[in-house]
Amino acid sequence: MDTLVNAIMIRLNCRDMQRAFAYCICNESVSPVFLYDFLSQSVELGEDAFDRIFHPLVDILIFASRVLSLQDEIVTWPLDVFRKLCSVKVNGTRPFCNSILRRPDWFHGPLTEAAGREIAALTPLGSVMTVFCFLDEDPTLDNMCKVDGSYDFVHTVIRLRLQLIRDLSTEALRCMMVNSESREPTMQFLSSVLTLNSKKSSLMSNLADLAPDSFLLNVLVVLFNLSLKITLDKVDPLYVFQSSSRVQLQGMARMNMTSENAAVFCKTVGSADWCVFGNADSSI
């Protein structure tokens, strides 16, 4: 019995320490040097030990993201911790980004018919990037207007918090993309978000199967921010017709071209030279 109690106390203490660690990172009570040393020493313990240390911390960040809303001043804290951990580089790689890919809830394919909502609600990236900004998604936002009384003030606060959330999301995804091991899985995740929620453009769609508008707006802004430094001379305007394109156009309407002509045209288009958002040795 004593052994069981001690084991429970150790587990509780570890969870409390992880919460305190996340709180210290948000308050900038943890210096970048300490954070680097902590991750570098964790890397030396091996991947399994690293995951046992940081996966529970990610669980805390995901839970906090689901509990907090735009009316909370600390709504950006979970995403800020996630971004800071992603930015730490040890021996030419970002170990926290690699660890995220080893989580069992990383998106490897839909498990339900509501795949669009699933990728937003049940994946680590989707969870930390989902902050509801519409009343039909989070009715408690109406309380901000009732308490403060000034709609202009409330709108300003919401805009500033949303901007910070999207900036932090951009930095986190940029770190995932410039890391060589996590670049392709992250790109695949973003393409899956767009593909599984493509029915959002339909006049009639089952919204219960699709991701919330707030999440998709955040993804849209993040993709825009990541593309700001890409010049047009680096973009092939015909990339959407190439077989290597992540967004497929089969089944969509085409002007002045039959399905057979479209198939022949796609075969004549050369292979894509993808314009990525960065490389393993640089950041944007």
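Biologist: At what angle do helix H9 and helix H11 pack, and how far apart are their axes?

Modeller: Bear in mind that this is a predicted model. To read a pair of helices, one takes the angle between their axes and then the distance between them; here helix H9 (residues 151–178) and helix H11 (residues 213–226) pack at an angle of about 60°, with their axes 9 Å apart. The two helices are therefore oblique to each other, and their crossing is right-handed.

Biologist: Which residues make the contact?

Modeller: On the H9 side the contact is made by Arg166, Asp167, Ser169, Thr170, Leu173, Arg174 and Met177, while H11 contributes Leu217, Asn218, Val221, Val222, Asn225 and Leu226.

Biologist: Turning to charged side chains, how many salt bridges does a search of the whole structure find?

Modeller: The search finds eight salt bridges. A salt bridge is read from the distance between a side-chain nitrogen of Lys or Arg and a carboxyl oxygen of Asp or Glu, which has to be within 4 Å. In one case the side chains of Asp51 and Arg102 meet at 2.9 Å, N to O. Asp51 lies in helix H3 (residues 47–67) and Arg102 in the loop between helix H5 (95–101) and helix H6 (115–121), so this pair ties together parts that are 51 residues apart in sequence. Asp51 and Arg102 are also linked with Glu47 in a network of salt bridges.

Biologist: Where do Asp80 and Lys84 lie?

Modeller: Both lie in helix H4, four residues apart, which is about one turn of the helix, and their side chains meet in a salt bridge (3.7 Å, N to O). Asp80 and Lys84 are both buried.

Biologist: How many of the residues of H4 are buried?

Modeller: Helix H4 (residues 77–87) is mostly covered, with eight of its eleven residues buried. Besides Asp80 and Lys84, the buried residues are Pro78, Leu79, Val81, Phe82, Leu85 and Cys86.

Methods
Residues numbered from 1 in each chain as written. Predicted model: local features only at pLDDT ≥ 70, side-chain atom pairs only at ≥ 80, totals over all residues. Heavy atoms only, no water. Buried < 20%, exposed > 50% of the residue type's maximum accessible area, 1.4 Å probe, protein only. Axes fitted to C-alpha atoms, helices over the stretch in contact; angles between N-to-C directions. Parallel < 35°, antiparallel > 145°, perpendicular 65-115°, else oblique. Left-handed = near helix turned anticlockwise from the far one by under 90°. Contact = heavy atoms within 4.5 Å.
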